[in-house]
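Open the model in your viewer and keep the selection tool at hand. Each stop below says what to select next.

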Amino acid sequence: MTVTLETANRALMIGRTTGYSLAKRGMYPVPLLPGRRGYVVSRYHLHQYLGVSAGQDVQAVAAAG
């Protein structure tokens with residue numbers, strides 16, 4: 001499963017412009033995959049980066065961080 005780059009940006013607390021800039025330069029904190037309308041991020045890699053286990057809510061963990 002994947003999420004959009006915008007969703008990953010929110011989970012990582014990265015602004016929209018910064019997130020797209022990092023993606024373009026190949027410096028995004030998690031691996032990116034090409035999607036139909038831009039980049040997408042594997043939920044697995046996003047969860048791993050955030051230290052979230054399968055049953056936790058990513059946005060709740062990001063907000064608490």
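Select helix α1 (residues 5–12) and helix α2 (residues 16–24): their axes come within 10 Å and cross at roughly 115 degrees. That makes α1 roughly perpendicular to α2, a label for angles of 65 to 115 degrees. Axes are lines fitted to C-alpha atoms, for helices over the stretch in contact, and angles run from 0 to 180 degrees between N-to-C directions. Helices (H or I, at least four residues) and strands (E, at least two) are DSSP runs, numbered from the N terminus.

This is a predicted model, in which local features need pLDDT of at least 70, side-chain atom pairs count only at pLDDT 80 or more, and totals for chains, interfaces and linings use all residues. Residues are numbered from 1 along each chain as its sequence is written, and side-chain values use heavy atoms, with hydrogens and water left out.

Now show the side chains at the crossing. α1 contributes Leu5, Glu6 and Asn9; α2 contributes Arg16, Gly19, Tyr20 and Ala23. Contact means heavy atoms within 4.5 Å.

Select β1 (2–4) and β2 (32–35), the edge strands, each pairing on one side only. The open sheet has three strands in the order β1-β3-β2, with antiparallel pairing. Strands pair if DSSP finds at least two bridges between them. The twist averages 45 degrees from one strand to the next.

Pick Gly35 and find its bridge partner, Gly38, in β3.

Return to α1. This helix packs on the sheet and touches β1, β2 and β3; its direction makes about 85 degrees with that of β1.

Last, select helix α3 (residues 43–50). α3 lies across β1 and β3, at about 60 degrees to β3.

Definitions and conventions
Angles under 35 degrees count as roughly parallel, over 145 as roughly antiparallel, 65 to 115 as roughly perpendicular and the rest as oblique.
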